[in-house]
Amino acid sequence: MPETVPITINDQDFEAPAGAPLIDVIQELTGEEVPRFCYHRDLPVVGSCRMCQVEVEAPGPGGALRKALAISCRTPVAKGMKIWTQTPAAQTARKGVLEFLLKDHPLDCPICDKAGECPLQNFTYQEGQSEGRSVDPRRKRRKRVSLGDVIVLDEERCVLCSRCVRFFPEVEGRTQLQVLNMGNRSHIGTFDNQPLQGNYQGNLADICPVGALTLKDFRFQARVWNTHSVPSTCTRCSRGCAVMVDAYRGRLVRIRPRYDAKVNRSWMCDFGRFQLQDLNLPGRLSGAIQEQQQGLRELPLEQALETAAENLRAEASQSFLLASNYATLEVGQALMELAKSLQTEAYFLKPSAWGGDGILRTDDPGPNSFGLQELGLKALAPDQARERLAAAEASLLVGEKLLPLLLQQDPTAGSTLPPIDTGRTAILVDTHLRSGFALTLPGLTWAETQGRVKNLDGHTRILRPALPGPDGVPQTHDLVQSLCARVRRDPDAHSTPNLQPSGMPV
Amino acid sequence: MSQSFQDSPKFLTERLLRDGYGGTLAEYRAAGGYEQWRRAVTSLQPAEIIDLVKDSGLRGRGGAGFPTGLKWSFMPKDSGKPHYLLVNSDESEPGTFKDRLLLEKDPHLVLEGAAISAFAIGARTIYIYVRGEYVYPRECLDRAIQEAYEAGLLGQKLFGTDWSLDIYTHPGAGAYICGEETALMESLEGKRGHPRPKPPFPAGYGAWGQPTTINNVETVANARPILEHGAGAFRSVGTKNSPGTILVGVSGHVNRPGVYELPMGVPVRTVVDQVCGGMRNGKALKAFYVGGSSTGLLPAKDADVTLDHDAVRERGVMLGTAGLIVMDEDTSIIRATRVLADFYDHETCGQCSQCRVGMEWSYQIIRRIEEGRGHPSDLKTFADLIQNFSGGKTICAFADGAAMPFKTALLHFREEWEEAIRRANPQMADSPSEEPQTAGT
Ligand SMILES: Cc1cc2nc3c(=O)[nH]c(=O)nc-3n(C[C@H](O)[C@H](O)[C@H](O)COP(=O)(O)O)c2cc1C
Ligand code: SF4
Ligand code: FES
């Protein structure tokens, strides 16, 4: 722990860690967000935009006190420092910077995806002036530069903070973007106009403090103030990056990283970010379906659960219980209880290693292998699991992505799966109807799920529903609990108080 | 103290004033060359040299006038790390061309002075960063370096001691900003020439992160005469706070433009009328940039100002590199300012928001006024812009330097600007500029 030293901020006394950047200390201690463009907590500090100036009094090189403007992002806390954020000198300096940044800015906020969550817009409201004084032409620059599959660049909006330039060496260990040319002819570009590469391009849209780098995927999809945003956890690998999930008119429109010091800091990978298609899939199962010789039959959920319970009870310890590693801790717990009631074991599918990138994305697809193992579920490799399933008299398969992972297929492709040998009576909880199962109960995607998962390092993180599931579909852990109660013939099993549709807490 | 400029010693240029001096090693040695280098290595301690230079009162000739001995004393002792001396010959300031004279005509003086300076700060490697366009001066330096190596004046085990010294030249690629000390280091390291934020300062963390001192060509050249003649002799020339001689590069509307070694404290009027043979075509003096464009200009009535740090500062400008640009009565201050604004707009590195945009904006305003499209609000806006990009708000001193000619032109020639705006054609002012406005505003 660094030593804490006394300082004052706007004439109030505080204790702050020596050496910490003022910009963070001011925000932590007073809540005031000093405007900034080039500073980003997870990137090397360059101190070039000059937006974060405050007035600081501290001993100068000779020891005498000196009061001067300083950039708060690159000024470390020192003992006895006096800081003022709102003196006329500081305000004028920042206003001046804003005026320069807006001089060439196209002010096309009405058609800009960043509007509403734009630091340039916010800081201008916070402390800029409302009228531009320039009567000279704004510099024309390229409006739509494709930087690869993910990002499109609008040079006119760029404030040259160089966050994107610093991002690649910092996160990927290689340079992709550079400031090209100099002075006001500077612009961002790649070497030789190559497209951006790799699994982390999407982060540029998050760290860009203006609308210069935007996601092709999100372009013109929604105004951000109309989206409903929920903090959750990405489930596409065992890292479990903290995310915000943004929904708009009943569809997911964006997933973006949320700061988590222990897991992903400010970043997430593109594989996790661009999974919306997978989550907005049509053809969702909203009730239970029984497969019979005469064809498919819809069953009321209660009746389906009763049927499932009978099937499992009949085979008891011979039944096979398998969760996908997308299953939450709550689902895992319910399955463990069920296994106890049946005097059998519960398993989870430990998928084949797939797709790690050595940065954030791990090669374990699915968020909860660690947590399920810890609960006592036994790991099964896909081929072992398929064998067991084929041999089982009765089985219960629970969890998102279970079938593709079981079949060692790309779980993200959403393509039709090859048939699978499901033994005699197989029961599936899934989002879509699959053939070969005696009974299919409706499941939820992770973006509709309430629950917890534990990442590869043992950090427990929360999933929160960003969308309601289809009408009448309960949370999967409630479904499994209810099934368990019926297997045990609990007296109140039929009242199923928790078996409510998975409403979205508002 | 105040000898007339004719009697003043020529510490740097005495050889050049002789007929037929070619600056070869043989000629330079015949004039006592490299004796001070030998003396430093064989019989002086680095600390003694630093003290001597402190006593001489030598101040940097690269622009800021920082006391050289003091700068050297910032270098760590026994750091166990390699130390570097960087010799700044980027010389790109408009109006400054004095280092070039030494590089071309007496390169061994530069090498000897640099060698002594390096010894004083414990550096065994010197990089001389030469302005990219200075192809010939660099050839002269390279030739001299080769001669010095061949004569055993550079290299390993010098003069039978353990001391060694290597000197390399490094060409710039044509960017003014690379004369700024930390941009120079970045450029030398093979990166974009972007000034670094300070601290850390070069003496602690310089080129390749090692203790580094950076000095101007003329500054290091003075090390030889200071050792040769002593601190007292150096101090006996010039003024109390600005001792010694200075190379004054005079350009513009005088009869004999050129580089002159003059005692510090010589009045500008004397330089124009006596040293340079008066104004060209008998015109009247209108204004002069004192020490390169970034130091600002003064009007003719200030021609009594003497060329030393204190005197010019009192008039609100700086001595800089003593590049005196003389302008006669026919000169348009607005046009002169626009030419400089064009330069600064082209040369700003563009890291800092205010400097990147402020230079172009300034240029646009000045050009509009010059072309008869000025707005009544322009001067207020321009003055505010200058305020907003200067005063230590940016990473390096470029923006503060650019502010000087703008500020002083507005201050001393307000009438001329106002007149131009008054005469502006109101229709022109409201007509669209040649570049179309972008949509969306
Ligand atoms: C924009 C800018 C350009 C500069 N260009 C030069 C230059 O070309 N030559 C030079 O000696 N110093 C130049 N300087 C000054 C150097 O940063 C530095 O102060 C100087 O080399 C130190 O040497 P001195 O102590 O011997 O004066 C420049 C400074 C700035 C801010
Ligand atoms: S002041 Fe200008 S030249 Fe200096 S670092 Fe900033 S942008 Fe570059
Ligand atoms: S945020 Fe501090 S200089 Fe950019």
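The legends below go with close-up views of a predicted model.

In this model, local features need pLDDT of at least 70, side-chain atom pairs count only at pLDDT 80 or more, and totals for chains, interfaces and linings use all residues. Residues are numbered from 1 along each chain as its sequence is written, chains are lettered from A and ligands numbered from 1 in the order in which they are written, and side-chain values use heavy atoms, with hydrogens and water left out.

**View 1. Chain A as a whole.** Chain A holds 13 helices and 23 strands. Helices (H or I, at least four residues) and strands (E, at least two) are DSSP runs, numbered from the N terminus. Its C-alpha atoms fill a box of roughly 85 × 50 × 40 Å along the principal axes. Of the 506 residues of chain A, 58% are buried. Buried means under 20% relative accessible area, exposed over 50%, and partly exposed in between (1.4 Å probe, protein chains only). Take contacts in chain A between residues at least 6 apart in sequence: 67% of them join residues at least 24 apart. Contact means heavy atoms within 4.5 Å.

**View 2. The second largest pocket.** This pocket holds about 1100 Å³ of space. Its lining has 35 residues. A:His40, A:Pro119, A:Arg163, A:Asp206 and A:Ile207 lie nearest its centre. Elements of chain A that give two or more residues to the lining are α1 (22-30), α3 (119-127), α5 (203-207), β10 (213-215) and β13 (251-257). The search uses a 1 Å grid over the protein atoms alone; a pocket is an open set of points with protein on both sides within 12 Å along at least five of seven lines, a cavity is a set where a 1.4 Å probe fits but cannot get out, and lining residues have an atom within 4 Å of a point. Grid points are joined across faces, edges and corners, and a volume is the space filled by probe spheres set on the points.

**View 3. The largest cavity.** Eight cavities of 30 Å³ or more turn up in the whole structure. The largest has a volume of about 160 Å³. It is lined by 16 residues. Nearest its centre lie A:Gly399, A:Glu400, A:Leu444, A:Thr449 and A:Thr476.

**View 4. Two loop residues of chain A with positive phi.** Most residues other than glycine have a negative phi. A:Ala316 has a phi near 45°. This residue lies in the loop between α8 (301-315) and β16 (320-323). A:Ala316 is partly exposed, at 28% relative accessible area. A:Lys401 has a phi of about 65°. The loop that holds A:Lys401 runs between β19 (394-398) and α12 (402-406). A:Lys401 is buried, at 14% relative accessibility.

View 5. Most peptide bonds are trans. The bond joining B:Lys198 and B:Pro199 is cis, with omega about -5°. The bond from B:Pro199 to B:Pro200 is also cis, with omega near 5°. B:Pro199 lies in the loop between α8 (181-188) and β4 (212-216) of chain B. B:Pro200 is found in the loop between α8 and β4 as well.

**View 6. The surroundings of B:Cys355.** B:Cys355 sits in helix α14 (residues 353-370) of chain B. Its relative accessible area is 7%, so B:Cys355 counts as buried. Neighbours within four places in sequence are left aside here. B:Cys355 then touches B:Thr348, B:Phe389, B:Phe398 and B:Ala399. B:Asn388 is 33 residues away along the chain, and its C-alpha atom is 9.2 Å from that of B:Cys355.
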